Amino acid sequence: MVMHRQPARQDARRPAARLVRAGVAVALSVVALASAGCSRRPPSGTPDGAVRELVARLRQLHGDPADAKAAFELLSRRARDNLASRAQRYSAATGKAIAPEAMITPSRFLLRFEPQRYTAQIAGAHALVDIAGLLPGERVQVPCVYEDAGWRVDVALPPLPPVQKRPGSDL
């Protein structure tokens, strides 16, 4: 009678199983490294990316506070402060509290042309993003500033005029 030795067969399979497990581990590591290397930069990683993202966010702004907040976050500190001052003045005048990002109204945003190309010129912590459309006259430059570990769009909003008081009023 011929007897097969099972332990020898199991011993032969163990190195093969280890090899397969090691191969799977290596393959998963390669996939993880490849996906990490191909990860997209955040929109604020470049000045032109920040402007492109702001345009996209303003396009989808239809009165949703979350969309307004997302657009507000891409603005420079100076622009955010200006909007905060406007919101504070509005709140004081109406008695109704309003968030600074709510000052970005969808009806006030209108593209003059369809952007085709964004090109950034960086000088230290400042940049100018040149946006070009299809026609030669379709061009605008948007200033950006590097702050809070990312590029922000430095929209030039007009300063608020001083609060007007009635003559003889202490208010």
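Predicted model: local features only at pLDDT ≥ 70, side-chain atom pairs only at ≥ 80, totals over all residues.
Local features need pLDDT of at least 70 and side-chain atom pairs count only at pLDDT 80 or more, while totals for chains, interfaces and linings use all residues. Residues are numbered from 1 along each chain as its sequence is written, and side-chain values use heavy atoms, with hydrogens and water left out.

Seven salt bridges are present in the structure (a side-chain nitrogen of Lys or Arg within 4 Å of a carboxyl oxygen of Asp or Glu). One of them joins Arg 77 to Asp 148, with an N to O distance of 3.0 Å. Arg 77 lies in helix α4 (residues 77-94) and Asp 148 in the loop between β3 (139-147) and β4 (150-153), so the bridge ties together parts that are 71 residues apart in sequence. Helices (H or I, at least four residues) and strands (E, at least two) are DSSP runs, numbered from the N terminus. Both partners are partly exposed: Arg 77 has a relative accessible area of 39%, and Asp 148 has 44%. Here, buried means under 20% relative accessible area, exposed over 50%, and partly exposed in between (1.4 Å probe, protein chains only).

Asp 148 also forms a salt bridge with Arg 80, at 3.3 Å from N to O. This pair again links the loop between β3 and β4 to helix α4, across 68 residues. Arg 80 is buried, at 16%. Arg 77, Arg 80, Glu 147 and Asp 148 are linked in a network of salt bridges.

A further salt bridge pairs Asp 154 with Arg 78, the closest N and O atoms lying 2.9 Å apart. Asp 154 sits in the segment after β4 and Arg 78 in helix α4, 76 residues apart. Asp 154 is buried, with a relative accessibility of 14%.
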